[in-house]
Amino acid sequence: MNILRKSINQNKRELATLLGIFLIYIFFTIMDHSYLSWANFLLILQQSTINGIIAVGMTYAIMTGGIDLSVGAVYGIVIVAIAKMTVGGMNPVLALIVGLIFGTLTGCINGILVTKLKLQPFIATLGTMEIFRGIAYVVTNGVPVVGVPDSYRVIFNTKLFSGIYVYVYVFLVAAIVFGIVLAKTRLGNYLYAVGGNEEAARLSGVNIDWVKIRAYMICAFCAALAGCISLSNLGSGNPTAGEGYELEAIAACAIGGSRMAGGKGTILGTVFGALLLAALKVGMIILNINTFYQYIVTGAIIVIAAFFEVIQVKLESKIKK
């Protein structure tokens, strides 16, 4: 009983988000019974994949007390790069690997700007967001790269067990791997320490700069992976791809319990946050609710999640006293 109570206390934010998903399911099922179906469940999984993968990486940046506004631009530039390579005749698997490496290097740039040049993460990644997006436009002249071969598209866009696409499994694997890294490895412990109290972590011998650089590299890798998946679905590389995706990723993290000041959060919570947003959007589409209202509801949920975080912090402070 004590173990169960301890587990609930440790994961109460994740459980609250899971409860939110359950309530959304009940509400939309009452409104339209077609919402509660296997096909719709698969649709929610598919809709949550891109945002979920980007949000998993964003969790690492937020964990350090930072933010990465460039993930949408990294997503877009990787799509353009891989589209260019595959249309030009490069082996699809090699193009995929090159795209992931290229995307990860953009994260290294962000990390260096934040740690070595001492720029605020918001400013540094805002600048690189514009740079990466601009490069995508220059390379394509603002025109989408079309004709991505099927040999690339089948890598992620193939159905496996129970009609689930490969990219959904990739999302689940990425969430599990990066969840284990954050919860069970030395890097994860360092990330929590840096976000919780950077000076104390430094005095304990933690290499703050290297921890932050790796966090931004993981964040960019996830954005690049999401771009690779999206290209297999769309079949063309559009330089505008990913605009605004950084906000949805931050929203998923906030809803899932990541503290924007750093030092607190889990990948499980982030995944639940992405699923909640996807469940909400799919439900609103089924009910034919105007897209503009979807933005309002999503924003309201973010505000409510942030408010709960404030209340939780105050309660924890009172308990400690």
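In this predicted model, T106, N110, L113 and V114 of helix 5 meet P121, A124, T125, T128 and F132 of helix 6, where contact means heavy atoms within 4.5 Å. Local features need pLDDT of at least 70 and side-chain atom pairs count only at pLDDT 80 or more, while totals for chains, interfaces and linings use all residues. Residues are numbered from 1 along each chain as its sequence is written, and side-chain values use heavy atoms, with hydrogens and water left out.

**Helix 5 and helix 6**

- Helix 5 covers residues 92–115 and helix 6 covers residues 121–140; helices (H or I, at least four residues) and strands (E, at least two) are DSSP runs, numbered from the N terminus.
- The two helices pack at an angle of about 145°, and their axes are 9 Å apart.
- Axes are lines fitted to C-alpha atoms, for helices over the stretch in contact, and angles run from 0 to 180 degrees between N-to-C directions.
- Helix 5 passes helix 6 in a right-handed crossing; a crossing is right-handed if the near helix is turned clockwise from the far one by less than a right angle, and left-handed if anticlockwise.

**Salt bridges**

- Side chains of opposite charge can pair when their charged atoms come close.
- The structure holds 5 salt bridges, each being a side-chain nitrogen of Lys or Arg within 4 Å of a carboxyl oxygen of Asp or Glu.
- One of them joins the side chains of K116 and D209, at 3.2 Å from N to O.
- K116 lies in the loop between helix 5 and helix 6 and D209 lies in helix 11 (residues 208–234), so this pair ties together parts that are 93 residues apart in sequence.
- K116 is exposed at 51% relative accessible area, whereas D209 is buried at 18%; buried means under 20% relative accessible area, exposed over 50%, and partly exposed in between (1.4 Å probe, protein chains only).
- R202 and E198 also meet through their side chains in a salt bridge, at 3.3 Å from N to O.
- Both residues are in helix 10 (residues 198–203), and because they are 4 residues apart, about one helical turn separates R202 from E198.
- R202 is partly exposed at 38%, and E198 is partly exposed at 28%.
- E248 forms a salt bridge with K281, with the closest N and O atoms 2.9 Å apart.
- That pair links distant parts of the chain, 33 residues apart: E248 is in helix 12 (residues 245–255) and K281 is in helix 13 (residues 267–286).
- Salt bridges that share partners join E198, E199, R202 and K212 into one network.

**Surroundings of V194**

- V194 lies in helix 9 (residues 186–196) and is buried, with a relative accessible area of 2%.
- Apart from neighbours within four places in sequence, V194 is in contact with T64, A201, V206, I208, V211 and K212.
- The C-alpha atoms of V194 and I208 are separated by 6.9 Å, although the residues are 14 apart along the chain.

**Nonpolar surface patch**

- L19, F22, L23, I26, F27, I30 and M31 make a nonpolar surface patch of about 730 Å².
- Patches are made of residues with over 30% relative accessible area and no salt bridge, where like charges are joined within 9 Å and nonpolar side chains (Val, Leu, Ile, Met, Phe, Trp, Tyr) within 5 Å.
- Accessible areas come from the Shrake-Rupley method with a 1.4 Å probe, and for residues only the protein chains shown count as cover.
- I30 is found in helix 2 (residues 12–31) and counts as exposed at 62% relative accessibility.
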